[in-house]
Every structure is written in structure tokens, then in C-alpha cells.
Amino acid sequence: MSRPIRDQVVVVTGASSGVGRETALLLAEKGARIALAARNEEALHTLETEVTRLGGTALSQPTDVAEWEQVQGLARDTVERFGRIDTWVNCAATAVYGEVHQLSAEEITQAIRVILLGQIYGMKAALEQMRPQSQGGIVNVASALAVQAVPLQAPYVAAKHGILGFAESLRMELEHEGSPITVSTLLPSSINTPLFEHARSKLGVLPQPVPPIYQPRVVADAVLRAISHPQPRMVVGGGGKMLELVHRLAPRSAATLLLRVGKTVEKQRTDRPDDGSDNLFTASTGPGAVEGSFGQRAKSTSLYTTALEQHPGRIRALLTAGGLLGITALRRGRR
Ligand SMILES: NC(=O)c1ccc[n+]([C@@H]2O[C@H](COP(=O)([O-])OP(=O)(O)OC[C@H]3O[C@@H](n4cnc5c(N)ncnc54)[C@H](OP(=O)(O)O)[C@@H]3O)[C@@H](O)[C@H]2O)c1
């Protein structure tokens with residue numbers, strides 16, 4: 001299935017910053033009409049100006065994705081302005097870093113509301129519009145942490161696992177009824193976005209992504225690929241694939257490997273002081289940015305994702321070839 005992006009009406013949540021912002025800019029270059037949703041109004045307005053300069057058409061819609069009525073309002077206003085919704089991209093998220101005993105019940109609840117319920121509300125609002133249209137695509141930006149946990153981010157990890165489960169369940173229902181509506185879930189590796197400055201931190205310092213780190217463009221390209229060529233799951237970045245493989249191949253020793261070899265506690269801390277500002281309960285501030293402060297360490301491409309993950313047929317062919325080679329080697333060994 002191939003869905004050209006030009007003239008599509010696309011809702012992007014989490015558009016004020018990072019991956020969502022980069023996705024909106026790429027969509028503008030491709031001639032899409034975009035509803036830009038997040039809470040930071042200043043950042044939405046600077047983005048709308050950039051989108052217009054690139055030849056796109058945008059509607060800025062301040063939205064708190066943790067509030068169902070606001071997400072419904074986003075869908076309603078998008079249809080009122082553009083007539084329909086072709087694709088809904090769920091990108092909004094926040095983060096709270098710390099050991100579980102350091103987190104308050106309110107912080108855990110809010111993180112789950114934004115990260116998990118925010119994307120569930122997005123899927124539901126999209127579906128309410130797409131079912132009568134008998135067409136549409138949903139793209140969820142989850143995380144490689146939807147498959148394998150790491151310490152210090154328990155609410156985020158739980159929410160991302162939940163997104164994957166909800167999306168898979170919805171996808172099966174749609175397949176069962178023969179619906180043309182598609183659901184794609186992306187599992188990105190660590191990305192150089194402002195998320196780490198936006199996160200609430202109980203570490204005493206600013207958190208940081210565990211390497212390898214990729215530029216937001218790598219994920220935005222994958223989102224566009226999932227819009228034009230929907231697929232149920234796509235790992236973005238070889239780092240995420242490594243995490244998935246550790247989970248699959250060594251489920252019992254994954255925790256020890258990640259803690260002792262991966263140093264996942266130590267590697268999530270910077271030595272930069274935390275100024276105490278975050279976007280857990282209130283919007284981020286400022287004009288908005290795509291990149292965070294880890295650009296010097298970030299990769300601008302992922303050969304693994306572009307060569308394999310975006311072409312599931314190639315993965316199947318490789319697995320089949322590997323299987324055939326294995327069987328041949330076994331037979332030769334027996335002779
Ligand atoms: N960075 C990484 O290492 C990484 C890795 C894997 C997956 N991801 C995923 O990628 C997606 C984008 O994150 P990012 O890295 O680009 O982070 P980011 O730069 O902090 O962007 C997050 C976006 O979500 C919005 N947001 C937060 N709370 C919201 C709420 N209650 N209602 C509406 N919007 C809200 C923020 O805007 P406002 O503050 O203006 O509302 C911002 O636009 C997320 O789903 C994240 O989990 C990131």
C-alpha cells in the first residue's frame with residue numbers, strides 16, 4: 001500500500017518540539033496540510049510561520065493531550081478547517097526521571113496520562129473521524145523502551161509498553177473487520193531532542209539519552225515513511241534494534257546486561273545542573289526547537305532503519321536466507 005503525502009490532512013501532536021516539530025516541517029515540504037498540536041502556543045506560532053514559508057498550510061491548535069475533550073476538539077477543528085483527517089501522528093510525550101520511590105503519585109499519574117492516555121485519546125479521536133471516512137492512517141511514536149525496560153524511567157517505560165499493546169489490539173480489530181484504516185507504531189532509539197531539558201528530573205542533574213543517539217530527522221523520516229507505507233511496527237535506529245534483540249534473545253539476563261555492561265543507570269545522568277523547569281504539568285516555554293544539546297554525539301542517519309526496517313520484505317528475505325543457510329549447514333554437518 002502506498003499513500004502519497006501531498007495534500008494529505010495530517011494531525012501532529014507534540015508538534016511544538018523535537019520529533020513532532022521536525023515531522024511537521026518535513027510534511028510541509030511535501031505539501032501536506034497540518035494541524036499542529038501541543039500546549040506551548042509561542043512554539044506553535046513560530047512553527048506555523050516556518051510551515052507556511054516551506055509552502056505548507058497549518059492550523060495551530062493549543063491542545064493538552066491528557067484531556068479527552070481537548071483531543072476531540074483538535075479532531076473537530078481539523079475537520080472543520082480541512083474537511084477530513086487522513087493521518088494522525090501521536091508524538092506528544094513528557095518524561096520524569098528518578099527511582100520509583102522518589103516519584104510522587106501525582107507525578108506518576110500525570111506521566112501516564114500524557115504519554116499513554118494522550119496517545120490512546122489520539123487513536124480514539126482519529127478513529128471516530130476515520131471510520132465514517134472509510135480511510136486513514138494512525139502513526140504512534142512510541143519508543144524502543146516499549147519492548148525493553150530501563151531503570152530511572154518507570155512511568156515512561158510503562159506508558160510506552162501500554163501504547164504498543166493498545167495499538168496492536170486496535171490493529172487486530174481493524175484487520176478483523178477488513179477496515180482500510182492502518183495503525184503503525186514506531187519504536188525509536190535515543191534521539192537528540194529537547195526532551196531531556198523538558199523532563200522532570202529527580203537525579204539532581206539533567207538526564208541524557210543512552211547512546212547511540214540519532215538526530216530527530218531520522219525519526220521524522222520514518223514517520224513519513226509510515227504515513228506513505230504503513231507497517232505495524234518499525235524500530236528506528238540500530239540502537240533500538242539491539243535493545244529489542246537483548247530482550248528477545250536473552251530475556252533472563254537482559255537486566256544484568258543493561259545494568260552491568262550497558263551502564264544504563266550511570267549513562268542517563270549528565271553533570272549539568274537541572275534548573276528545575278520541566279513540562280510535566282505545564283507547557284514547555286520559548287519559541288520551540290527540533291534538536292536538543294547532544295548534536296555532536298548524534299548520528300544523522302540509520303542505515304539499519306532505511307535499509308531494513310522500512311522494507312519488512314527484506315527482513316523476511318534475510319531471515320529466510322539465513323534459515324536456508326542454517327538448514328544446508330546442518331545437512332552438510334550430518335553427512
Ligand atoms: N528523545 C528521545 O530519545 C526519544 C526516544 C524514543 C521515543 N521518543 C518519543 O518521541 C516523541 C517526541 O518526543 P521528543 O523527543 O521530540 O520530545 P520533546 O522535544 O520534548 O517533544 C515532546 C512534545 O510533546 C508535547 N507535550 C508534552 N506534554 C503534552 C501535553 N500534555 N499535551 C500536549 N502536548 C504535550 C511537548 O509540547 P508542550 O510542552 O508545548 O506541550 C512537545 O511538543 C515522544 O513520543 C517520545 O516519547 C523520544
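Modeller: Serine 190 has isoleucine 213 in β11 as its bridge partner. Two bridges join β8 to β11 (residues 213-214), and these strands run parallel; two strands count as paired if DSSP finds at least two bridges between them. Strands here are DSSP E runs of at least two residues, and helices are H or I runs of at least four, numbered from the N terminus. The order β8-β11-β14 makes an open sheet of three strands with parallel pairing. Its edge strands, β8 (190-191) and β14 (298-299), each pair on one side only.

Mind that this is a predicted model: local features need pLDDT of at least 70, side-chain atom pairs count only at pLDDT 80 or more, and totals for chains, interfaces and linings use all residues. Residues are numbered from 1 along each chain as its sequence is written, and side-chain values use heavy atoms, leaving out hydrogens and water.

Now the charges: there are 18 salt bridges (a side-chain nitrogen of Lys or Arg within 4 Å of a carboxyl oxygen of Asp or Glu). One of them joins aspartate 278 and arginine 200 at 2.8 Å, N to O. Aspartate 278 sits in the loop between β13 and β14, arginine 200 in strand β9 (residues 200-201), 78 residues apart. Aspartate 278 counts as buried at 18% relative accessibility, while arginine 200 is partly exposed at 22% (buried is under 20% relative accessible area, exposed over 50%, partly exposed in between, with a 1.4 Å probe and protein chains only).
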